[in-house]
Amino acid sequence: MSADFLTLAVGGPIARSPLAEGSHRGAELEERDGWQVVASYGDAAGESRACRETVGWADLSHLAKAELSGTGAWLGSPADGVATRRGDGWACPLTPRRALLLGDTGTPPDGVTLDLTSSLGAISIAGPEARETIARFCAIDTRAATLPPLGFRPGSIARTPGYLLREGEDAFLLVFGAAYGAYMWEVVADAGGRLGGRPVGVDAARLAAAPREEVASDA
Amino acid sequence: MSRLAVQPGERIDRSRPLSFSYDGKQVAGYEGDTIASALYAAGRRIFSRSFKYHRPRGEICGCGQCANSLVDVDGSPGVRACGEPARAGMTVTHLNAWPSLEFDVMSATDRFGGRFTQVGFYYKTFIRPRRLWPVYEKVLRSAAGLGRLRERQAEREWETEYRRRHCDVLVIGGGVAGLAAAARAAELGADVVLCDEDVEPGGALLFEGGHERAGELAEQARAAGVEILSRAAAIGFFDGLVPVVQGSVLHQVRAARTIVAAGTIQQPLVFGDNDLPGVMLSGGARRLGALYGVAPGSTAVVATVDDRGLDDALALVGMGIELRAVADLRADVSGGLLAGRLRDAGVEVLGGLTPARGHGRRALEAITLASPQGGKERRIDCDLLAVSAGAAPALSLALQGGARAEYDGTRAAFRLTELPEGMFAAGSAAGYEDGESAEHSGLLAGAEAAGSLGHHHSGLREEQGKLGGERPAPKVATPPAYSGEGGKAFVDLDEDVTVKDVKQAVAEGFDSLELSKRYTTVTMGPSQGRFSQLPSARLIAAETGLDLETVGLTTARPPWTSVPLGVLAGRPFEAAKRSPVHARHKDLDASVRWAGDWLRAYDYGDPEAETRAVHEGAGVIDVSTLGKLIVRGPQAGELLDRLYPNRISNLAPGRIRYGVLLSDAGRITDDGTICRLDEETFYVTTTSSGAGAVEQWFTWWLADWGLDATVTDVTQGLAAINLAGPRAREILARVTDLDVTNESFSYLDAKQAKVGGVDCLLLRIGFVGELGYEIHCAGAHGQALWDALTEAGADLGVKPFGLEPQRVLRLQKLHIIVGQDTDSESTPYVAAMPWIVKLDKEQEFIGRWALEQRQDQVPPVELVGFRCADGTVPTEGAVVLARNGSPAGEVTSARFSAKVDSVIGMARVPSALAEEGARISISDGDRRIEAVVTKKPFFDPDGEVLRG
Amino acid sequence: MSYLLTCPNCGTREVTDFGFGGEVAKRPSGSPGRRELNTYNYFRHNVAGVQREWWYHRSGCRAWFIAERDTTTNRVLKTEAVG
């Protein structure tokens, strides 16, 4: 018997985002990989435009998350403050002996993992006003000179412990304690809304965060 | 409406008139006007009534720095009319006068106040008799103050945005020096933010004929990438964090380097009735004319101690104002260039004279000039006295940041002598006052700040050369501490502090600046001592015979510029934690309350019925808030053995043990259960409020001891639902394939199984006393688990129950809540659980030494249960009396239990009374409650139900 | 109070990101006497000057580290990882 109960069983009931109280309002929901996710808020084109022209934010809590501890190449060096692409996800160094795995990284070659998918909520924030949006509730320095793409920063987000990953030039991923989900959605929506942005579905958000060449090849 | 001819560089747009309401009357102005400039143009001279004496007060600074022009705008008091742009349709009303500014009843205090308004009067008078203070207070409060808040306002009406801004260089002040510094630093590659209080950058250039140059400099700075924040006040310096308030945005600027280029504050003169409307700073008079095309007066006298006043005098002449005389305190003025030009313009320049007394009832009508040495005296009729008593550099922000300043007699002002690391000064703050040298000093500061960040500039030395080292000090006469004898001579207009007040304070022994400030409140008004610090220091120096250097200056506290409290109140969101099942509690209309940082279901409308359901059928309670840690690794057992007073490492996989955590002083800090999942994995639960602290505690010792184990907080990742009651097993069996018979799943067993299709960890424990299963699963499936359990048990009467019924249920079992039934003194011996301490354990666990030293002593108090015969529920915290009647313990929990049919509770009682059946007296306010001690649980004392 | 601290793992953050663990004290070993234990439990040096102290990056990597801070100016001279 280990800590298997932390992991959502395949074939179990549909998984519900810890942000659902906020993020599911007005949303068109779809079941994907066992999760109820927000496909869109009914205006896919407008949502994509927000991610290009102002700012769009999306509930990405279904993203797999895990703690990796022990030794091995995947741990990386926290001093660099940069995440490493692993599979379709990222390995984000926390300490010399711990890292946070985000997304579908596949199984690390060394070390032990603990599933934190349900422990952490995630919001993607994308668009030219993404930095300004984050600056409304987070004191982490997001200037490109200090936080280049793939830069990773553990630190306080809206007065709660969290992590900030810069996925691309204008795309960020906020990761935070799941119990703060409804609160965090409220905070991001307040900040982004004042800057002309809107909540968006996961597809619009993923497209905005994808590296340029991927977008080009998809199109 | 009287306006001057179009002034070069004026700020108003005469093609765009607007109007607003002032005290119910429409006032006309132009786009670009401030409230005050429009009012002034409309002929208004009295802008406010003073704080204490209700004397009429007029315009002084023309730039929003003094308290004289405070008004209420659209219901917000405390707006400075001379800094606030006029907007069409705004509603402006005066403050602090009744019934009107022209006739204020309270101004009687000015004429008849006498000894009642002396400094320290309140302190000395209203302390006796003490019981009357509430009455005094009510009267005094209604007479004092500078505005009236609305009785009610919409909750969180204030909408301030908070914007964190990191930058390389922050430039405070957008005058010529600040603009030059910002542009230079940005050109060298630094990321620069500049904040300035005016509506456009340029500082003094804007009204001193340099508006075109100001525009060029601002354009250059913008082109270099400087982010210019206008109408943005830096309000303090907090360990390098500078809050900059700009309308409804509070920028929290964290800069690697700061350049202070905040310019100067022109100083007033102290003489009799120096507060009459019409007595103005010469810069303020000039601003009114140059920026807004408003004549500050029709017949003017200028009184100065420096060239700035002469320059302003020339400007007034240029505006066409009849200047009757210029009094220059410097006796030797005949040869000066500016004086010459004034004479050429037909203005009489009087050397060695300074104002001694203002005349006029509601506004200035004449001024008496005199020599400070006595003798020569001259009275001149005028309605404007423009004064210039030297310029004090605005140093407060630099001082807050750790800079030091010294008095410079040649400039008659304090100047910076030492800057903290990372801070630079430019312009007046650095001692460079004329435009050209200020600009050079800005360029230099910009280059130095950028250079210290690695953006080097080859011409730095050249820049330094241009400044040419120390500048010759401008010729300034030191103004007298005060002059003249008659009338009230104000040292501080904000607080109505007079020369007499400060003299009296010094005479009474409050003879240092800091003491006198607190006693007289000098410098403590809304303008933060801008115009009163130097005059009051000068006065104290004169009274004590000390020099100004010794008297020193105080550092104004933040906020340097007044801001509405709403700006500082934060966005209206509370960082609440919610359980994964929270939506269901809302569906069920639970009464949701804060519990620590969680929002929890306190009850679902009928706590007593919920308690009954648990006893009679079954109940479910959401306990997802419990702290939950995964402790893993080869030495995980060793770690826990050292942290808990009982043995953990010998726990078999699949078994559970209760544990308390102790400090090194042997006091209980938290409790919970420890479940061994496998050889190297433990699942530890903590109290709901203790999760964070326990994680810190575990990881701290782990760091110190260096054991091979990891601790991960999974509190927020797991839902936990406690299913309890006689029907719990039956309900559970309906939704799981697990063998739930008592034989295979007994008390303190842990099993992993699917419940309603959800992977769960089931702990057979019973905080509430009935047969119970605490079921944990991944949070994203928490709601599904809740639904499965409530649906499966619907026909068996399963009911959700909240925190309140749980408190009653656990009290029936005398199960403690750490922090409620224990305090910071409670050892396991006090908490009546000596059995949990295993002093024969080989590990040196935390708290062991302290407990070893106490094991043979009788604890002073002991936690026991009690029941009250007469049905009164004592207040938690009520005092338990010793036999001799002295207070000796306290009630920690008390409730009425329907099941026990009695009021029951827990209390720490003197050990002598900690006996089964002992009678205790509880003193609860006015009540005296008798109770009987019990050491056995009220419900299921032998645990048969729990284990069955 | 809003000075900065540099977490050995995460870099520089506002002090509000961190939890304070007090001055570094030597924990007794063996079987301390009453006086030694009380000194350890209840007495602090409380220096006005540079002191070594424990900090916890509560909002970040959740690691403990040691900082040398001047208690009179809040200047943090250095921080170092533990273990």
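How many residues of chain B are in contact with chain A? In this predicted model, in which local features need pLDDT of at least 70, side-chain atom pairs count only at pLDDT 80 or more, and totals for chains, interfaces and linings use all residues, 42 residues of chain B are in contact with 40 residues of chain A. Residues are numbered from 1 along each chain as its sequence is written, while chains are lettered from A and ligands numbered from 1 in the order in which they are written.

## Chain B against chain A

Contact here means that the C-beta atoms of two residues, placed from the backbone, lie within 7 Å. Among the elements (DSSP runs numbered from the N terminus, helices being H or I of at least four residues and strands E of at least two) that give two or more residues to the chain B side are strand E34 (668-678) and helix H23 (782-792) of chain B, but the largest share, six residues, comes from E8(B).

By class, this side divides into 18 nonpolar, 14 polar and 10 charged residues, where Ala, Val, Leu, Ile, Met, Phe, Trp, Tyr, Cys and Pro count as nonpolar, Asp, Glu, Lys and Arg as charged, and the others, Gly among them, as polar.

## Chain C against chain A

Chain C has 12 residues in contact with 10 residues of chain A, and its side comprises three nonpolar, five polar and four charged residues.
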